Amino acid sequence: MEEYKVSQMNMNKLNKTHDQNNHDDDNKNNGVFKSNQLVETTSFAFKLILFLVGFLGLQAVAFIVSIMLQKVNDYSYWVNLVTYIIIFAIFAVLIFTNKNKAGLTFLKEFKDYKVYLYGLASFAIMFLINFIFNLAYSKIPGYGENLNQNGVESFVSNNVLKNFLLFFEIVIFAPFIEEFTYRLGLCGICSGKKRNYIIGIIVSSLVFGLIHFNAFTLYVSKVSIDAAIKIENAEAISSLCSSLGITISGNPLDSQNIDLITSKLNTLIMNEWLNLPIYIISGVILNLSYLLSGKLASSFTTHFTNNLFSYITMFIPSQSVVANCLILI
């Protein structure tokens, strides 16, 4: 009987030691990252669905909408807006009908004042980093905005309603969709059950940077323009240049225009590569805002604030230092 009691005590000690070791392993994996209710209560399958809808679904919907609206005026503007409205609606249904009440959990996070401290502090860091990059890049001839930024700025018009709708697309819809896609979705998937958030941060930040990266699109456009020049298709050249925001006057096949097109294309490609690190670092900051606070509302606040100020600067004619340090994400 005594031997049994001693054996039982030893087993209890072993179990406690095992539990403690598991707890220590969790702490090592989590480090300074706080427990996250959204991560804990949503399944791997749900996170995967969020990522697939926000990443592949966005492309699929954009393709379908582009076919349906191809004869509409301001084609690019309406394709982007309608696509984001549809994806936003899908996300709202997924999140607010989820059995674990992910939508309500997200909204409740905004009651914590620390959400705004983390969010605004992260925005300030992001702004400072952009300032440093812009300072370094300012000495490079031709450095400027990338295709993503130029494309959105081209949507600004004298139409108040269209500018109002653009506000919702840039400041509300895009941050909401991207935070659930790349923070809760992709970062959560890559972190795995062991909560290895470092892997999650690296992968989701790289993907976040690449979705804003259009160098490959420009390379394809360059090949297409070169082919159009060889067969002397002036209409195709004009159409391709227009889609890239390259303005030419006169005959596109004139040697001066061809040189101008080539020069501007090379500059656009250069700017894509120069801006890529900024987008990746922005992804890292958004991930840290999310994981350090333990709340998705923090990274949303960072994203929202950045895009809000970027939106406002679109209506300011002068290219100030502040405006140049704000990049749509």
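1. E179 is buried, with a relative accessible area of 1%, where buried means under 20% relative accessible area, exposed over 50% and partly exposed in between, judged with a 1.4 Å probe and protein chains only. Its salt-bridge partner is R183, and the closest N and O atoms of the two lie 2.8 Å apart; a salt bridge here is a side-chain nitrogen of Lys or Arg within 4 Å of a carboxyl oxygen of Asp or Glu. R183 is buried as well, at a relative accessible area of 0%. Both E179 and R183 belong to helix α8, where four residues, about one turn of the helix, separate them.

2. A note on the basis of these values: this is a predicted model, in which local features need pLDDT of at least 70 and side-chain atom pairs count only at pLDDT 80 or more, while totals for chains, interfaces and linings use all residues. Residues are numbered from 1 along each chain as its sequence is written, and side-chain values use heavy atoms, with hydrogens and water left out.

3. For the overall fold, the secondary structure of the chain comes to 14 helices and zero strands, these elements being DSSP runs (helices H or I with at least four residues, strands E with at least two) numbered from the N terminus. Of the 329 residues in the chain, 40% are buried.

4. The structure holds three salt bridges. In one of them K162 pairs with D74, the closest N and O atoms being 2.3 Å apart. This pair links distant parts of the chain, since K162 sits in helix α8 (residues 160-191) and D74 in the loop between α3 (44-68) and α4 (75-96), 88 residues apart.

5. Another of the salt bridges joins the side chains of K295 and D112, at 3.6 Å from N to O. K295 lies in the loop between α12 (255-293) and α13 (296-313) and D112 in the loop between α5 (102-109) and α6 (113-137), so the pair ties together parts that are 183 residues apart in sequence. K295 is partly exposed, with a relative accessible area of 23%, and D112 also counts as partly exposed, at 22%.

6. What surrounds H212, and is H212 buried or exposed? This histidine is found in the loop between α9 (197-211) and α10 (215-230), and at 4% relative accessibility H212 counts as buried. Its side chain reaches the backbone oxygen of F208 at 2.8 Å. Leaving aside neighbours within four places in sequence, H212 is in contact with N146, N148, E178, E272, Y279, L328 and I329.

7. E272, one of the residues in contact with H212, can also be placed relative to F216: the two are 56 residues apart in sequence and 9.4 Å apart in space, C-alpha to C-alpha. F216 is in helix α10 and is exposed, with a relative accessible area of 53%.

8. How many disulfides does the structure contain? A search of the whole structure finds zero, taking a disulfide as a pair of cysteine sulfur atoms within 2.5 Å. For C190, the closest cysteine sulfur is that of C187, at 7.4 Å, which is too far for a bond. C190 is partly exposed, with a relative accessible area of 22%, whereas C241 counts as buried at 1% relative accessibility.

9. On the surface, I198, I199, I202, V203 and L206 form a nonpolar patch with about 410 Å² of accessible area together. Patches are made of residues with over 30% relative accessible area and no salt bridge, with like charges joined within 9 Å and nonpolar side chains (Val, Leu, Ile, Met, Phe, Trp, Tyr) within 5 Å. I198 has its place in helix α9 and counts as partly exposed at 49% relative accessibility. The accessible surface of the chain comes to about 17700 Å², of which 65% belongs to carbon and sulfur atoms; such areas come from the Shrake-Rupley method with a 1.4 Å probe, and for residues only the protein chains shown count as cover.

Definitions and conventions: Polar contact = N/O pair within 3.5 Å; in protein donor to acceptor, adjacent residues only side chain to side chain. Contact = heavy atoms within 4.5 Å.
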